[in-house]
Amino acid sequence: MTSADFANPGETDPITRFTEDWQHCLRGDRDEPPPIAQYIPDGAQVRLAVLTDLVRIDLRHRWDREGLGKRIAEYRKEFPEVEHSAELVDLLCEEFLARRRYGPLELADFLAEYPELAKDVRARLAVYADDDDTAADTERAAALVAGLSPGRRIDDFDLLTDLGTGTLGRVFLARQRSMQRLVAVRLSAGRVAGGHSMAQLDHPHLVRVFDQRLVTAATPEAPASTRLVYMQYLPGGTAAGVLAERRRGPESEGGVLLLRAIDAAMEARGEIRPSDSSVRAEIAALSWPETVAWIGRRLADALHYAEQHGVLHRDIKPANVLFTAEGIPKFADFAARTAAPRSASNPLAAERDSLPYRAPEQLAELLDPAAPPPGPSSDIYALGALLWELLTGVMPFDDPPMPADPDARAETIATMVALRERGVTAATLRELPADTPSALRRVLLECLRADPQRRWRNGAELAAQLDLCLDERARELVDPAPTSFAHRSRGWLIPILTLCVGVPNLLASVYNINLNNSLIIDRMTAADQQRFAAGGLVTNLIAFPIAGLLLLFLTRRPLTIGFRLARGREYSPRTLAAARRDTLQMGDWAVWVPFGFWLIAGVVWPLAPVFFGVDLPRATFLHFYAAQVVCAAIALAYPFFPIMVYAVRSIYPQLLVRGGVGAEDEEQLRKLAKRGNFYLGVAASVPLLGVASATFVDAADLDLVIVSVRVLSVGGILAFVLTYRLFRMLEADLLALARAIPQRKR
């Protein structure tokens, strides 16, 4: 049973709401963490189950922010029912792992804080219980691991094939006797965190960790304890093999290159390639840049899932990306649920093959252990560097070789930091394949920003952007070519808005003037004509400035924010969300404001001369207002579509690529598509309204208006054809942009 089972139909799951509100807090959209009490539903059983999940989420996020850490003891005082939760021991384990993030914490010291549960907690955290291990114990265990070979049996596992050595230990393909299944077994000397926490994660793009054990085996000197973690076995090799194939073969082969690397890895292990695989068929149809985006989208999604569960990878590199036989990528060897306690004893002791993928703040931490700990954005950076290397075959930075002498490493690492702070050079950009979409280029450059605050904020945002790179129409909308009209016209909002609004209203005015001259004004005396014209002039002098100022006020965000974003200005997610909403409503304001003024003028304009003594027949008011309604319909129908096609293609994409978008943005796009049907109907009604207005004219006067009505009818039909084409363009664009919205189930 999960917390989602308790959500009432039509209501948002409280766990989901709480998680989303915490994300707003972490992004800076709100100042204080969300209070747990506001999310707990009624009902004893429901309350306890949901409360446990809320505490777990709150605990993880609080220890991710300095000064907000909270202990389970405090939650127990605030919510006494936590005492009766079946998962209380798990919550205590969560606290222990969270507190180890910022400094050393001995298990014995932690257990002293919860003596009544010490036995159960110690059993769960046995991997941390060997604080009295000596260096000699570790050396004996290391010797044991180094001496292992296929054919040996360790605990419940028969070692079959040596799969290689990584940062966290030696990995073997093994058969687990009790379960009669093939698994990957990692053996390491000393304490290696991560197995316990990773066993709790279940995601299609994370290597499934089943469990870990402490194995005692004999060495010539004495017994030695070895950490054994067993996990899902993937036969398709690693990203290192894909990189080797990429450097040998042309990227023009696209996804076939990835499949060939996977098949080579499987053949080396005696595995058989799967047949009739829809996933492999999908990969084979992709270009190489699309293949890289396809891989990255899945890995980014895995990072987001892990981060939501308090786990950061911290060691992203080709060897830690594994593939299934079908080509599905999965992350392996997460460093830990939280950062390991940092020590200045050997700050530069890092794997050489890991350093090129590390963010500048991670490299800086090697030089200064007192520096702030890297956060989730460091994993975003490392994944961006890995994807860049897959795309081009080379790293984005020309790092100097790492010297063997540890004393000389500090200078080399300082050089690596400086290179990353300068950013990707123009020469490096030229290494990108010719068919690399502009969207993918932009996404990877955002990953590689030196400032962590300017990268994608989480794996979900990055996954959505990479998903966008796989949709040809959507990526062309969001990242148009620099030579395209959509890109070059981004600074033309005011002229285009003026043209789109002005031309239909001008044509409506010409129709209105001709009709009124024929039926009303030409039959007045010269004095009355002057009064009528004066009333019209006063009305226009008042109405036009007010309408213009009102439109400028309503469109102030699309007018200013896009312009400033192009010049490096940064805005909060809330401001960007408001700008996106206003951009999608810009067409509505551009038609409803003139529509309203046409209808108001239909009343005010003829009444003004009456006030000054002009005697107008009652039929005059009817004719005048009927003409105003037709003009209002013209103002309502025709400007909307050209404005929105321009806004959706030129203005909105600038706001979409800044991230921070979600389900509400998708809903706004779908509502705009529905509104388009209404405006299309209005456009179709304009010729009919013109004909209907002619029925109010006396038979003797039909000759006076027949030309205007014919022009309106024919012009309205032609305008409807153009409007319909724009409607279909807008509809297709909106559907493509909706596919580019993040946080959607696909």
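Which residues do ring pairs link into a cluster? Select W592, F595, F640, F641, F678, Y679, F720, Y724 and F727, and you have them on screen.

Before going on, a word on what you're looking at. This is a predicted model, where local features need pLDDT of at least 70, side-chain atom pairs count only at pLDDT 80 or more, and totals for chains, interfaces and linings use all residues. Residues are numbered from 1 along each chain as its sequence is written, and side-chain values use heavy atoms, leaving out hydrogens and water.

Searching the whole structure turns up 14 aromatic pairs. Rings of Phe, Tyr and Trp (its six-membered ring) pair if their centres lie within 6.5 Å; planes under 30 degrees apart are stacked, over 60 edge-to-face, and the rest tilted.

Now pick F485 and W492. Their ring centres are 5.7 Å apart and the planes meet at 75°, so this pair is edge-to-face. F485 is partly exposed at 48% relative accessible area (buried is under 20%, exposed over 50%, partly exposed in between, with a 1.4 Å probe and protein chains only). W492 is partly exposed too, at 38%.

Next, go back to W592 and F678. With centres 6.3 Å apart and planes at 10°, they are stacked. W592 has 39% relative accessibility and F678 has 43%.

Last stop: charges over rings (NZ of Lys or CZ of Arg within 6 Å of the ring centre and within 35 degrees of the ring normal). Select R181, which lies over the face of F210, 4.0 Å from the ring centre. Then try R556: its charged end sits over the ring of F553, 4.2 Å from the centre.
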